Amino acid sequence: MPLTVVLHGPAGIGKTTVAKQLLLDWTQDDQAKTSSSAFYLSCKDLNHKGTCTFAELISANGPDLQDAIPGILTQARKILFIIDGFDELRVPSGALIHDICGDWRKQKPVPVLLGSLLKRKMLPKSTLVITTRPGALRELRLLVEQPLFIEIEGFLELDRKAYFLKHFEEETQALRAFDLMKKNAALFRMGSAPAVCWLVCTCLKRQMERGEDPASTCHTTTSLFLRFLCSQFTAAHSSCPRDCLQAPLKSVCLLAAEGIWTQTSVFDGEDLRRLGVKESALCPFLDKNILQKSKDCEGCYSFIHLSVQQFLAAVFYVLETEEEEDVGGHRCRTGDLQKLLSKEGRLKNPNLTQVGYFVFGLSNEERAMELEMTFGCPVSMEVKQQLLKCRSMPCGKKPFSTMDTKEILHCLYESQEEELVEDTMAPVTEISIHLTNTFEMMQSSFCLKHCQNLQKISLQVGKRIFLENDTTWKSDAHVERSQHDHHSLHLWADLCSVFSSNKNLNFLDVRESFLSHSSVRILCEQITHVTCHLQKVVIKNVSPADAYRDFCLAFIGKRTLTHLVLEGSVHSDEMLLLLLCEILKHPRCNLQYLRLGSCSDTPQRWADFSSALKINQSLKCLDLTASEFPDEGVKLLCSTLRHPMCFLQKLSLENCHLTEACCKELSSALIVNQRLTHLCLGKNNLGVGGVKILCEGLSYPECQLQTLVLCHCNINRHGCKYISKLLQGDSSLTNLDLGFNPIATGLCFLSEALKKPNCNLKCLGSPTQSGTVYSSSVKRSEDKIISRGKVSGNQT
C-alpha cells in the first residue's frame, strides 16, 4: 500500500523541519539499490502558480531536471513528495477534487494537479508526506486515502528547559525565566514552538540585564508579548525615532489582522498593494526579526510566529483609526470585534481565539499607555465598552452564551482590569468551573473575587493539580513535588477565600475532584469562617476518601447550612455516620435536607444516627439511597419514625436492599407518623407480600403519606389488587409511581380504582428525583391512565 503520512501540529512547531529531514534521508539512503527522488512542494508557492503540466510543476526549482523527469516518473515507488503547509493552500471550494487527471504531461491548473496527486490518480505508487496545521485536518481526511497521522509536538518540557539554559549565560537566570514561563500555562503551551521560546528568552533576559524583576511580565501572555514588542523599539535599542513608528505599526497590524481573518501567514506584493502597505513601512519590523522575508517565495513576507501575528492583529483592534484611514477597503476582509469574539467566528477560524485574549489584555490602561508611549499611536479608550457590549446578552439568555466560562475567565484575567471584570461578572449568579491546571485556578480566583452577585459555584478539580497524595511520583522528585504543591496551595487558598468574602455565595457543588489533604483543609477553613454563608453543599465523588470526614467536621455547628449531599466514597469511612450525628445533634443545626449516598456501617452506628434524628428538629428530608441497612438498622430507623419528636417529612430508601421482611416495621411506622408525606422505596425487592403489608398501614386514617414511589419493586398483577383496594378507600395518597414493574393485566384493577369518586390519586407516573413526582394529571376514566415508565413491557 503506498504510504501517505500527515504531519500535523500548531504553527512553528517544526513540521517543515521534520519534512525536510525526511526529504534528505530519502535521497541519501545508502541501502537503496537504485537512486531515489524527492520533490518539495510549498503550498505558499503553489498559490502563485498558474496552469502547467505536473512535470513542469515539480521541476520548477530545478530546470536541469526537466530532461530527467520522464525517467524519474516511471519509477513512482522511488519518489517522495513533500507537500508543505496544506493549510495555507488558497484554492476555490471543490477545486482539489474537480477534473482529476492522471497524465503528468497535460496542462492543468495547479489545484487540479495537486488534487490528482493527493487522490492517488497521479503517480499512485509514490510516497506522500503532507504537513498541516490542525485546522485543515478535516478537509485533508476527505482527500487522502488511509493516511498515517503523526502529531509533531515540538519542544517538550525538557527541550524548553535546555533551550533556556543555552540562551542565558547564568543558570540561575535561565531557571528563573523558565519557572516564570511554566507558571503561565497558556504561555508554556506556546513554548513548544522554538520561536516563542526565543521570544520569551529575549524579553526576560533583557529585563534581567536592566535589573528589573520579570515576574509581572509573565503574569499574562499579553504582558509578555507587549513587553517584547516595546523593548525592541525603546530608545536604547532602536535606531528608528518614535514618530517614525506610527505608520509601520499600523501597516504591520493591518497585515496581521488581514492574515488572521483570511488564514494567511505569507503576504506577497499583491497583498501589500491591495492593503495600501508600502514595503518600506515593514523595514523596522524586518530589522527586529518580528517580520521575515520568505526564503521559499521571493517578495513575500511572514511573521516570525503565528502568536506574534495574533498579537499584532489584536493591536489593530485597539489602535484609534481616523476616518480617512478606513477608506479604500483596507478593512474589508477583517471582521469587527463582535465577530472576532463570536462563537461562530472562532469555530470557523480557531486563530481568532488567541486574538480575542490579546484584545482583552490590551484593554488594560497601563498596557495601552505603554503601547502609546513606545509607538506614538493613540489607543482607543472605547475598547472596554465594546468588549462589554459583546459580552452583554438579551434578557432571559444565560451569560457567556457566546463564549464558554473557561474562555471568558481567561479573557478577563488577561485584562487585569478590575472594573471590566466587575461589570462583566455583575449579572452572573451561577458559575461552573473545571480546573485542569494552576493557571486556570489563578484566572478563576481573580475573576470570582469580583463577582459579587455570585450565588452558586460548581467546582471540578482535575488530576495532578495537587500532588501531595499522588503516588505516581518518584521518591527522588520530592523537592519538585513540594515546590509544585506550595504554589498550587497558595493559589487554592486565594480561590477558596471567595467563600468567606462573598456574602451572597450560598451554594457549593464539588464533584469528580482530585483534592489532597491540605487542599481539603484549606477549603474547610473557609467554610467554618463566620462570614461564610453557604446554605447548600454537594460533595460528590471526591478524593481522598477521608475528605468527607473533614467536610463533616467543618459543618458541625454551621448555622447557615440547610442542604447537604455526600456521595462517593462515603461507604469506606467508618467515622462518617458518627460525625453526621454530631452535626444533627448540635444546637445550632438548621439542616433541612440530607442525602447520604451508598453508606454502610455497623448496627451501633445506625443506632446512634437514629438517636440523633430524634434529637434534631430541623431535618425534613432524608435520602439514604443505595445505603446498606442491616435488619437492625431498619428497625431502628422505623423506631425513629414512630417517635413523636421525629420531624421527617420526606424519606428515600431507594435501592437499600429492603425485602418483604422490612415492610412490617415500615407499615407500623406509617400508621403512627403523621408528618411523613413522601416515601421512596424504589429498586427494592418488596414483592407482592411487601406491598400487601404496606397497603395495610397506608389504609389507616392516621397515615398522612401523599407520595409513594414503588418503581422496580417486583410488583405483579396480584400486588395491583392490594393497591387498587387501598386507592378505593380513604387513602391520602395523591402521587404513586409503579414504573418498571411486571404489572401486566393488573392495570385493570388500577383502572377500577381510578373510577371511584373517593380516589384521591392525582398522578400515576415516574419521579423526577427521589420523593418528587411529575405533576401529570390523571383522568379517572377506564381508558385514560397516564404513566411514564415501563408497565408490562409497554408505555401505557
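The model you see is a predicted one. The protein has 796 residues, and 53% of them are buried. Its chain forms 34 helices and 22 strands. Let us start with the whole protein and then visit some individual places.

**The overall picture**

- Among the contacts in the protein with a separation of 6 or more, 77% are between residues 24 or more positions apart.
- The accessible surface of the protein is about 36,400 Å², and carbon and sulfur atoms account for 50% of that surface.

**The nonpolar cores**

- The largest nonpolar core is made of 201 residues, and Trp492 and Leu580 have the most contacts inside it.
- Helix H15, covering residues 306-318, gives this core its largest share, with 10 residues.
- Another core lies apart from the largest one; it has 35 residues, including Leu41, Cys52, Leu73 and Ala76.
- Which residues does tryptophan 492 contact, leaving aside its neighbours within four places in sequence? They are Leu435, Met441, Leu459, Val461, Phe466, Leu515, Ser519, Ile522 and Leu523.

- Helix H31 spans residues 660-672, and its buried residues are Cys662, Cys663, Leu666, Ser667, Ala669 and Leu670.
- Why do these residues share one side of H31? They cover an arc of only 165° around the axis, so they sit on the same side of the helix.
- Ala661 and Lys664 are exposed, and they are found on the face of H31 turned away from its buried side.
- The cover over the buried residues of H31 includes helix H30 (631-642), strand S17 (678-680) and helix H32 (687-698).

**A sheet of three strands**

- Three strands make up an open sheet with antiparallel pairing, in the order S6-S8-S7.
- S6 and strand S8 (residues 301-303) run antiparallel and are joined by two bridges.
- Within this pairing, phenylalanine 267 is opposite tyrosine 301 in S8.

**Cysteines**

- A disulfide is a covalent bond between the sulfur atoms of two cysteines.
- How many disulfides does the structure hold? The count is zero.
- Cysteine 552 is in no disulfide, and the nearest cysteine sulfur belongs to cysteine 524, 9.2 Å away. For a disulfide, the two sulfur atoms would have to be within 2.5 Å.
- Is cysteine 552 buried or exposed? With a relative accessibility of 0%, cysteine 552 counts as buried.
- Cysteine 52, one of the residues in the core of 35 residues, is buried as well, and its relative accessible area is 10%.

**Backbone details in the loops**

- Serine 543 and proline 544 are joined by a cis peptide bond, with omega at about 5°.
- Where is proline 544? Proline 544 is in the loop between strand S12 (536-543) and helix H27 (547-555).
- Glutamine 416 is not a glycine, yet its phi is positive, at about 55°. Glutamine 416 is placed in the loop between helix H21 (405-415) and helix H22 (418-425), and it is partly exposed at 22% relative accessibility.
- Phenylalanine 740 also has a positive phi without being a glycine, at about 60°. The loop holding phenylalanine 740 runs between strand S19 (735-737) and helix H34 (747-755). Phenylalanine 740 has a relative accessible area of 42%, so it counts as partly exposed.

- Asparagine 758 is found in the loop between H34 and strand S20 (763-764).
- Its relative accessibility of 31% makes asparagine 758 partly exposed.
- Which residues does asparagine 758 touch, not counting those up to four places away in sequence? Asparagine 758 touches Leu727, Gln728, Gly729 and Asp730.
- Asparagine 758 and serine 731 are 27 residues apart along the chain, and their C-alpha atoms are separated by 8.7 Å.

Definitions and conventions: Residues are numbered from 1 along each chain as its sequence is written. This is a predicted model: local features need pLDDT of at least 70, side-chain atom pairs count only at pLDDT 80 or more; totals for chains, interfaces and linings use all residues. Side-chain values use heavy atoms; hydrogens and water are left out. A nonpolar core is a set of buried Ala, Val, Leu, Ile, Met, Phe, Trp, Tyr and Cys residues joined through side-chain atoms within 4.5 Å. Buried means under 20% relative accessible area, exposed over 50%, partly exposed in between (1.4 Å probe, protein chains only). Helices (H or I, at least four residues) and strands (E, at least two) are DSSP runs, numbered from the N terminus. Contact means heavy atoms within 4.5 Å. Accessible areas come from the Shrake-Rupley method with a 1.4 Å probe; for residues, only the protein chains shown count as cover. The arc is that of the directions from the helix axis to the C-beta atoms. Two strands pair if DSSP finds at least two bridges between them.
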